[in-house]
Amino acid sequence: MMNFDGLDPGLGEYAPGLHGGLDPGLDSSMDPRLDPALLQAVELDHDALAVPVSESMHMVEGMYSELHSVAAEVGVPVTATHFDLQEELLWMGNHRGHASSFFGPTMGRYSSFQVHMADDIRHIQSMDTGVLFLTKTNLKCLTRGGLIMFDYPMEEGADMHTLILTDNNSLLMGGLQNYVAELDLTAVQETQKFPVEVPGVAIMRQSNRFFFCGHTSGKVSLRDLRTFKMEYEFDAFSGSLSDFDVHGNLLAACGFSSRGLNGLSCDRFLMVYDLRMMRAITPLQVHVDPVFLRFVPTYTSRLAIISQTGQCQFCEPTGLANLADIFHVNTVGQLLMSFDVSSSKQALSFGDSGGCVHLWSSAPEVSFNSYSRETELALPCLVDSLPQLDWNHELMPLSLLPMPLTSTEPLLSDWPTSLIMPSPRRAPLVDPEILRTMKTVGFIGYAPNPRTRPRNQVPYKIKDPELEYDSYNQVPESPIGRDEEPHLYMVPKKYRKVTIKYSKLGLEDFDFKHYNRTLFAGLEPHIPNAYCNCMIQVLYFLEPVRCLVQNHLCQKEFCLACELGFLFHMLDLSRGDPCQASNFLRAFRTIPEASALGLILADSDEQTGKARLGHLIQSWNRFILAQLHQETLEQEGPQAYRGASSSTSTLGSSGESVIGRLFGCEVENSSMCRCGKETVRSSLTLLFTMHYPEQRSLDKTIEEYDFAEILKKSICLEQSTQAWCDNCEKYQPTVQTRNIRCLPDVLVINCEVNSAKEAEFWKAQTEYAYNKALKKEAAEPPKPKEPLPTEWCLEEELCSVEGLTFDTQAEDMRHVWIPLSLKMCISKTQGLEVSSLSEGEELTESEEAEGASVYDLVVTVSHIQHARTGGNLVAHIKVGETYHQRKEGVTHQQWYLFNDFLIEPIDKAESAQYDVNWKVPAVLYYVKRNYHAKYDLRIKNPIDASVLLTEASLARKQRKSHATFIPLMMSEMPQASDLVGLDAEFVTLNQEEAELRSDGTKSTIKPSQMSVARITCVRGQGPNEGVPFIDDYISTQEQVVDYLTQYSGIKPGDLDAKISSKHLTTLKSTYLKLRFLIDTGVRFVGHGLQKDFRVINLMVPKEQVFDTVYLFHMPRKRMISLRFLAWYFLDLNIQSETHDSIEDARTALQLYRKYSELSHNGGQEEFRKVLKALYEKGRKLDWKVPEIDSADGQGSPKSTAVFPSVMGL
């Protein structure tokens, strides 16, 4: 049955009874299962590399025999082999750091590349996107073709041996050091270290209960899946551990034992442990010297035991080893160095010290995986050849016959130059009859229609260059991986439109930190009309505006200043987590002026890119400043939300508004008619629009202008237009001029680059400025560039690196026209003076005496072009010292790029660079230096306890007898750390948008838009514990597409003020109540509060939230419903027909009390046992609460007995 040549001579020491029945001279024909090829040495053909099995080989199903042998690199030991888990590939790595892969059972070479220049490859692990290779000091991920995805170096002194994937995005690495490192594969960074005892971990395995770590000391430790703490330990061998494997409830290990002075010897007894009882069972004696060990479970839990000399034995872990189950791997005298089993259990691979890889299989048509995806193979080499022509075919086209080119006569297609010159089509001439009868009034000509052409017909369409602006030189910024998009390289990755990839968990597993490593908060883009996210960030980082809106509070239901204050409060609290402006945009959609100005986009316009975002954001900028100015003028005092003296408020002048003082500039508009009458009007303007000069010259050369010059002409605008003259009593050509009387603290500029003509003007000016910078730099000695705050390098390296360029001064000026600083002054003689100020230049004493001011650029808003989607808007913002001090505790200023939830520090020069081929300027903000010193930047929270007092319902039919809650009395006002039970119910405004992939999985494109419909808060302590003090139904003016009655308990009509019988309030009213509770410091108890607070649009500190969905949760296990927890722990049957937020909030409070009782009385270990019992019970019942008759005394009546009823109050 087997070849004994090369077997360990130690087998002869065993009793003859073990192998006395075997005849060395046994004829192979006596047993049909005997492979003749195994009875002779196999010689490798190093020229052909692959050595196929002879055609006469007969393979018996279920018996393993050699299928192929391949010499990867002769003489270099194979240190690791691995069957690919996704494709039909076999991987090997050798002692010199080289990796190769072989395709299918024929083992044709697929790829080969160098992984490490010096170290050997110790572990190989395949993933869906690539393959991981572990060496002593390095972890490298490469594609299956050999392209590097990432290269992660270890710490100094590391000696890595093994790794294990814990999920799709993380892995553990262990070696001969005192720690095991956890690595996040998405961010490619170490997340934490778990200490282990010396000498470290050499082998790791995983089951659904434990991590198993094998140590070179001979021990195997069992560790917790979440904390990695050691739970149990098996002392398997006295010498050292060689290998072990886990299957089901069994752990089998092989190793070495101490033999006194003779050192270590291979132990022929396998240690087998029962993981249910955590103890050893009878050791298994084998007939080979075990070095490798794997479970090969097919019909039974077979063990494959491999010796280093090539002997392999199969046996049952709980039975006796049979000598007849031994076969031999013919290694031609080499030692086996690595071993692996395919996931289908049909193939075994062996790597030896001679550089050969042996493939053994149990079937001739072997598959490495049960379901493998198709492997991408290289295209065959195609050789061009002329087609065979049939001369006798009647329909053969003559064009297929090759014709020799002769120089004697020209070809018919060789046209003369005079006939192929491009000639543009000229514009049609104006009808002479129109020119003859035309009368000119001002600059407009009027003529009767001569009727020489049919109505609405022209010879051809003349394209309007103004309308073609959206498609000029546009460069798409599509997501990574769409190679078909042209010129993708021109748009940097950080400027492209960022999208959220939704999973079945929604946003919980989306890595926002990959896009934002700062402590500032981004804004989510999936909400309708979220194009204004960048401008919201701009207003937030203006300190006086931030303080103004947070101090503002009024009674209007939809007040943008109030909603901005709530949103800015969330941005203040956030530590890098993104926020969403859903409540602000909800109020924004209700403003009639916003709709009239076309600022509210339909979903189709946003998705198809019909909206011209550059023009739109400038209109939004003008609208929001005017709206905030108006709303802050109407404020009725700091405590005006429910003040009694609201009728005494009066509208103030422009000086009484902080917005007016900050952005406002008093301008004088003069209109001069040609009759000599002049009309002067004064007004307040909050921003200025750029006006570019007309090109009057016949040639298309654009003249050079300074930005300060264009800005001055735009502010002090002079233009001719038709206007009504009271003196002439008709419309007359008039000259209108505008002058300013004072300088604003914040100069806001709309760039108005809305056409190709203006973009060409801007592009020409940037080229002029760049050429000027090149000439200036050529005359000055070069200066090295200062590194970004996010970069780091040693000063010695900065000067010693060869090839370091010193041309950064000019490079920083590429595509730059706008200056970083301006000097502005209003003189009595010359009026407004504007000039650019170079870096480091300050005002002289005489200039300061004349009232000159320095303005620094702090904001640039840009439109990133995209032909198909309309592009996206980004903002460059110079974040001041106070923001860094609050967030990071440091005092410095830094420019950042804000692209929705992507935030990244940038160089100051990048903020002013505009390559109008893909990046078009929209809005600029200049601020007067030290402008905020004259503003009160203190924030006094305007929300007080009065918001919790009794308020009238919006519903007309609501009666006191229908009250479901008792408002708080002044003596009951919550204090810090008080418990409040909370639950919220929601309705759907927009359905989820998803697509079905080809593999059957669902991909969420846009999540459903939810709106809060009911919010309930119950008392968490005191004599009235469990009694609600808030039970508000939220009125909504938006269309509800699904009331989700089965889950929310909300019925159609409950939110309609005309027919509802509930206590109906506005969202703002209830929001203020929750804000007051959060600011007071109460602790909320509920189930699934994370989603509740997200939809309500609240930011709550983590220490103020006790969420029962996480309190009763084990790592890597499913979340448990409130209904099942209530049935299991409280013996309550809730949510039997529909959900009730009062019942849910009370139940959550009871569960928290139960959790406190269990964790306090029994400690963490006892509580873990309770959770394990909970999960076991849930699995048995399939997480469904059993049906219980009401006669048993169980169910909702029991919940009403715990807390006093409020129905009769």
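The legends below describe several close-up views of one predicted protein model.

Residues are numbered from 1 along each chain as its sequence is written. Because the model is predicted, local features need pLDDT of at least 70 and side-chain atom pairs count only at pLDDT 80 or more, while totals for chains, interfaces and linings use all residues, and side-chain values use heavy atoms, with hydrogens and water left out.

View 1. The secondary structure comes to 23 helices and 54 strands, where helices (H or I, at least four residues) and strands (E, at least two) are DSSP runs, numbered from the N terminus. Of the 1209 residues in the protein, 48% are buried, a word that means under 20% relative accessible area, whereas exposed means over 50% and partly exposed lies in between (1.4 Å probe, protein chains only). Among the contacts between residues at least 6 apart in sequence, 61% join residues at least 24 apart, and contact here means heavy atoms within 4.5 Å.

**View 2. Helix 4 and its surroundings.** Helix 4 covers residues 543-551, and eight of its nine residues are buried, which leaves the helix mostly covered. The buried residues are E543, P544, V545, R546, C547, L548, V549 and Q550. What covers them includes helix 3, helix 5, helix 9, helix 10 (658-663) and helix 16 (881-888).

**View 3. Helix 4 against helix 5.** These two helices pack at an angle of about 115°, with their axes 7 Å apart; axes are lines fitted to C-alpha atoms, for helices over the stretch in contact, and angles run from 0 to 180 degrees between N-to-C directions. That angle makes helix 4 roughly perpendicular to helix 5, since angles under 35 degrees count as roughly parallel, over 145 as roughly antiparallel, 65 to 115 as roughly perpendicular and the rest as oblique. On the helix 4 side the contact is made by R546, V549 and Q550, which meet A561, L564, G565, F568, H569 and D572 in helix 5. By class, the residues of this contact divide into four nonpolar, three polar and two charged, with Ala, Val, Leu, Ile, Met, Phe, Trp, Tyr, Cys and Pro counted as nonpolar, Asp, Glu, Lys and Arg as charged, and the others, Gly among them, as polar. H569, found in helix 5, has 16% relative accessibility and therefore counts as buried. Not counting residues up to four places away in sequence, H569 touches Q550, R1075 and D1079.

**View 4. Helix 5 against helix 9.** Helix 5 (residues 560-573) and helix 9 (residues 613-633) pack at an angle of about 100°, with their axes 9 Å apart, and are therefore roughly perpendicular to each other. L560, A561 and L564 of helix 5 make the contact with F623, I624, Q627, L628 and E631 of helix 9. This contact has six nonpolar, one polar and one charged residues.

**View 5. L539 and the residues around it.** L539 is found in helix 3 (residues 533-540) and, at 0% relative accessibility, counts as buried. Leaving aside its neighbours within four places in sequence, L539 is in contact with V545, R546, L564, F568, I624, L625, L628 and Y925. The C-alpha atoms of L539 and L564 are separated by 9.2 Å, although the two residues are 25 residues apart along the chain.

View 6. Eight bridges join strand 34 (residues 665-673) to strand 35, and S671 stands opposite T679 in strand 35.

**View 7. Strand 43 and its two partners.** Seven of the eight residues of strand 43 (residues 872-879) are buried, so this strand is largely enclosed by the rest of the structure. Strand 42 (residues 853-864) runs antiparallel to strand 43 and is joined to it by six bridges, with N872 in strand 43 as the bridge partner of I864. Five bridges join strand 43 to strand 44 (residues 894-899), again in an antiparallel pairing, and the bridge partner of V879 in strand 44 is Q894.

Conventions:
Pairing = 2+ DSSP bridges.
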